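Hello,

Here is the structure I promised to pass on.

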Amino acid sequence: MISELKENFGGLFEEELLSEINQVGTIKEVRAGQKLMEIGDYIRSMPLLVSGAIKIIREDDDGDELLLYFLERGETCAMSMTCCMGQTKSEIRAIAETDTRLIMIPIQKMEEWTGKYKTWRNFVFQSYHDRLEEMLKTIDSIAFLKMDERLLKYLQEKVHITGSKTIKNTHQEIAYELHTSRVVISRLLKKLEKLGKIQLHRNSIEVVSI
């Protein structure tokens, strides 16, 4: 595990901290589509991503979902940290977007390392900052962008996250994540296809030019 730590976090953490993570951390592998965290769960450990991507989702009182942001290699979830520190229930759902490999850190180490290691403290604060910026972008997108612009942005992000121009989400799944209806998404995807930006297939969407 130490080699993965150095590859992904060597530029962030000092040797002593990397050594401690290696001692107390545990490797967890999840397949694409697998749920890592559910709304209402208590969080016992904090994830550090060494490969893959995770999508973070919020749910309203009616059970409708909204995609907040993605986590990528070398990142962690600020909301997980908040729940860990406060020992409160999770208010988000985390699902692996691609096959993902994580190092899980026991929650009792978080506060200890915050006082012990400046690099860890900086990492935590930067994670809060980055996740807040991503949530503000999501809010801005909902408030200021038309649905066709939001869909285009969503497809661009999917290509970036997965590293593939083939998106294997159904129209209904996209509608859930953008908090709209399947009919609206299907209509807008047809429009993008007519513009030559995508090609629609039975179970996938091929991005041509976005």
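The sheet is open and has 4 strands, in the order β2-β6-β4-β5, with antiparallel pairing. Keep in mind that this is a predicted model.

Start at the edges. β2 (35–37) and β5 (65–71) each have a single partner strand, so one side of each has no neighbour in the sheet. From one strand to the next, the twist averages 30°.

Now the pairing of β6. Strand β4 (residues 54–59) runs antiparallel to strand β6 (residues 93–96), and 4 bridges join them. K55 stands opposite I95 in β6. I56 has A94 of β6 as its bridge partner. On the β2 side, β2 and β6 also pair in the antiparallel sense, over 2 bridges. There, M37 has A94 in β6 as its bridge partner.

As a reminder, strands of a sheet pair through backbone hydrogen bonds, either parallel or antiparallel.

Which way do the residues of β6 point, and are they buried or exposed? R93 and I95 point one way from β6. A94 and A96 point the other way. All four, R93 included, are buried.

Over to you.

Best wishes

Notes: Residues numbered from 1 in each chain as written. Predicted model: local features only at pLDDT ≥ 70, side-chain atom pairs only at ≥ 80, totals over all residues. Heavy atoms only, no water. Pairing = 2+ DSSP bridges. Axes fitted to C-alpha atoms, helices over the stretch in contact; angles between N-to-C directions. Buried < 20%, exposed > 50% of the residue type's maximum accessible area, 1.4 Å probe, protein only.
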